[in-house]
Amino acid sequence: MAPVVEMRGLTKQFGRFTALDNLNLRLDGGKCVGFLGPNGAGKTTTLKLLTDMIFPTAGECFINGISVQDRRREALSDAGVLIESPEIYPSLTPNEALGMVADLRGVAPADRAGRIRTVLAEVKMTEWADQKVGRFSKGMKQRINIASALVHDPEVVILDEPSTGLDPRGMAEVRSIVRDLKKSRRLIFMSSHILSEVVDVCDEVALVNKGKLLFYDTLENVTTRFAADGHASVDVSLARPVDLGPVSQKVAGLSGVRSCTPLDAKRLRVQFDGGAENQERLLEALVGLRIGVIGMTESESALEEVYLSQVSRGD
Amino acid sequence: MAAESPTTPAVRLRVPEPLPQAFKLMGYQLREYLRSRRFIALIAIIATIGALITAVVAYYHDSVALHSLLTDNQAFYGSFWAGGAGVVIVLAAVFFGGDAIAGEFQNKTGYFLMGLPLRRASVYIGKFLAAFVASVAMLLLYLAIILGNGVYYLGTNALPWELGASLVLAIVYLSAVLGATFLFSSLFKTSAYGFVLTAILFLFGFTILQELIEGLVRIQPWMVISYASSAVGGVFGTGVNWGLNGTSAGGIFWTAGIAEAVLIMLGYLVVTAAVGLWRFEHEEFT
């Protein structure tokens with residue numbers, strides 16, 4: 001059965017402040033869903049409700065069909081959770097901290113040591129396995145936190161800004177871990193401030209602002225459907241540096257292309273009439289120009305434009 | 001990842017029942033305590049108290065004041081063991097229980113635990129048991145120091161059975177103090193309040209309250225735990241009241257019966273543990 005996370009009529013009030021207002025969201029299947037929103041939008045509140053760290057004013061959350069509010073032990077048994085960059089008991093070593101998680105989660109003794117080794121290797125902390133966590137930097141602790149969310153090989157992974165505190169290499173490694181998790185058909189629900197991270201690893205995005213869900217759709221649909229005038233942006237990578245002036249002119253002259261802007265000597269940003277078919281035609285045309293196209297990715301700026309336009313609409 | 005196939009989980013899981021989870025958590029929490037500075041600090045404090053007692057007794061052992069204590073085993077243990085045990089119990093409760101629950105919020109370690117398939121009761125009970133075991137270890141360390149002195153001055157044949165009864169009463173008192181400490185710790189998200197409240201109340205707050213109730217209100221102070229805790233030293237000597245009713249001298253100063261004291265201390269434990277657990281169950285990790 002495919003993993004499922006569902007929130008029904010989820011509302012959370014802190015006094016008179018409504019942090020989350022009647023959120024209805026169902027995520028199912030193996031994929032990565034990015035959860036976006038400005039500070040105070042309700043992202044972490046949602047994830048805390050989903051993991052029973054706080055209690056809803058109204059509504060309910062389900063993981064694989066089990067109510068988190070009524071049966072938290074069962075609901076969280078197949079979920080890996082990382083919320084708010086937690087601290088680990090400082091006297092424990094990563095081996096012990098992950099051992100505690102494995103024991104409390106009931107990982108079979110035969111699998112325990114192997115899983116701990118595997119996840120420590122995944123987060124590049126093997127050589128620190130027997131050092132006390134209290135001596136670690138924030139980034140190192142966050143790696144152990146990520147490892148603790150994965151030690152039981154969960155079907156559902158809930159991550160609250162997992163790149164927090166990590167250096168660029170660490171952030172890249174987190175993206176790599178999430179991509180690997182997707183290969184195993186897990187459902188990953190990840191809040192993030194970093195749009196490039198979302199574009200890189202997420203298949204779908206949900207945007208929340210002021211406690212309300214603004215949209216939930218595939219990344220592609222979001223960037224086309226919500227763009228100001230229906231256009232989409234892609235970043236085109238070239239094999240070698242080219243004279244970008246004439247190349248930009250050529251690309252701008254292609255059918256459906258609205259503009260073409262050089263990003264650097266080997267990259268262009270192309271705005272075109274959105275949609276999968278138009279994107280396919282654009283790629284064919286770009287290859288036909290023989291300018292050394294080696295890659296085309298959804299532009300981070302496209303999501304950024306949507307994000308900013310949708311968020312500012314609510315302000 | 002180690003997944004064998006998209007649909008087959010690679011890791012065999014069987015989430016333990018809540019009570020085994022509490023015991024597992026106790027083991028890791030105890031490991032955390034044993035490696036902590038506070039554990040070393042408390043050992044140092046108890047060793048210092050023991051060293052002072054040993055030095056004072058050694059220096060003044062010929063004096064008239066100490067003569068009666070060093071020739072009467074009931075008086076010796078009633079004075080040196082029972083007198084210090086209460087302080088050791090409060091210190092241990094403050095050191096191991098003062099931030100047990102509040103620290104989960106203040107230090108954000110709770111976020112590490114709360115994502116796990118655990119009942120909050122398992123966390124509360126596991127941490128309580130860890131604090132209890134660590135505190136009992138401290139109490140036994142103090143007992144060992146007193147026993148060392150007692151055996152030296154009185155000999156091994158002078159070990160009164162009442163010392164065993166007193167140790168049991170001290171452990172019951174410890175559980176009651178820890179129950180209250182955990183309650184205070186669960187009321188606040190800042191550890192300092194739990195430390196201060198426990199220390200003030202149990203070192204002199206309850207004693208003052210008891211005296212006020214006895215002296216001014218003139219009723220039996222059965223509701224105050226210091227009245228019950230006096231049983232730790234009350235088992236020594238002759239004419240011990242083992243019953244369920246307290247006795248009073250002139251209708252003012254009351255002495256608890258031993259069975260009554262046990263009931264009062266267990267009552268404190270049950271009530272404070274229930275309220276503290278209820279509070280923790282309803283506290284949000286905002």
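This is a predicted model: local features need pLDDT of at least 70, side-chain atom pairs count only at pLDDT 80 or more; totals for chains, interfaces and linings use all residues.
**Entry 1: chain B by itself**

I began with chain B and listed its elements: 12 helices and 2 strands. Reading from the N terminus, I got the order α-α-α-α-α-α-α-α-α-α-α-β-β-α. So much for the list; next came the extent. Along its principal axes, the C-alpha trace of chain B spans about 85 × 45 × 30 Å.

I also looked up burial. Chain B has 286 residues, and buried ones make up 49% of them. Then I turned to contacts inside chain B between residues at least 6 apart in sequence, and 77% of these join residues at least 24 apart.

**Entry 2: where B meets A**

How many residues of chain B are in contact with chain A? I found 43 on the chain B side, touching 51 residues of chain A. Between them the two chains bury about 4,300 Å², with 59% of that area on carbon and sulfur atoms.

Next I checked the polar side of this interface. The rule finds 5 salt bridges across it. I looked at one of them by name: the side chains of A:D111 and B:R12 meet in a salt bridge, N to O, at 2.7 Å. For polar contacts, the rule gives 29 residue pairs across the interface of chain B and chain A, with both residues at pLDDT 80 or more.

Which elements of chain B supply the residues that touch chain A? I noted α1 (18-34), α6 (110-114), α7 (120-154) and α12 (258-282), each with at least two residues. Of the elements on that side, α1(B) gives the most, with 8 residues. By class, I have the chain B side down as 20 nonpolar, 8 polar and 15 charged residues.

**Entry 3: the two domains of chain A**

Chain A is divided into domain 1 (4-221) and domain 2 (228-313). I took the centres of the two domains over C-alpha atoms, and 33 Å separate them. In contact across the boundary are 13 residues of domain 1 and 9 residues of domain 2.

The two domains of chain A bury about 1,100 Å² between them, 76% of it on carbon and sulfur atoms. Which residues of domain 1 lose the most area to domain 2? They are A:L195, A:V199 and A:E220, together 43% of what that side buries.

I looked for salt bridges between domain 1 and domain 2 of chain A, and the rule finds 0.

On the domain 1 side, at least two residues each come from α7 (195-201), β9 (204-209), β10 (212-218) and α8 (219-225) of chain A. The most come from α7(A), which gives 4 residues. Sorted by class, the domain 1 side that touches domain 2 has 9 nonpolar, 3 polar and 1 charged residues.

**Entry 4: a look at A:R175**

Last, I picked out one arginine. A:R175 is in helix α6 (residues 168-183) of chain A. Is A:R175 buried or exposed? A:R175 counts as buried, because its relative accessibility is 19% and the cut-off for buried is under 20%.

What does A:R175 touch, leaving aside neighbours within four places in sequence? I found A:E197, A:D200 and A:V201. With A:D200 there is also a polar contact, in which the two side chains are joined at 3.1 Å.

Methods: Residues are numbered from 1 along each chain as its sequence is written. Chains are lettered from A and ligands numbered from 1 in the order in which they are written. Side-chain values use heavy atoms; hydrogens and water are left out. Domain bounds come from an automatic or database domain assignment. Contact means heavy atoms within 4.5 Å. Buried area is the accessible area (1.4 Å probe) that two parts lose on being put together, summed over both. A salt bridge is a side-chain nitrogen of Lys or Arg within 4 Å of a carboxyl oxygen of Asp or Glu. Ala, Val, Leu, Ile, Met, Phe, Trp, Tyr, Cys and Pro count as nonpolar, Asp, Glu, Lys and Arg as charged, and the others, Gly among them, as polar. Buried means under 20% relative accessible area, exposed over 50%, partly exposed in between (1.4 Å probe, protein chains only). A polar contact is a pair of N or O atoms within 3.5 Å; within protein, one must be able to donate a hydrogen and the other to accept it, and residues adjacent in sequence count only if both atoms are side-chain atoms.
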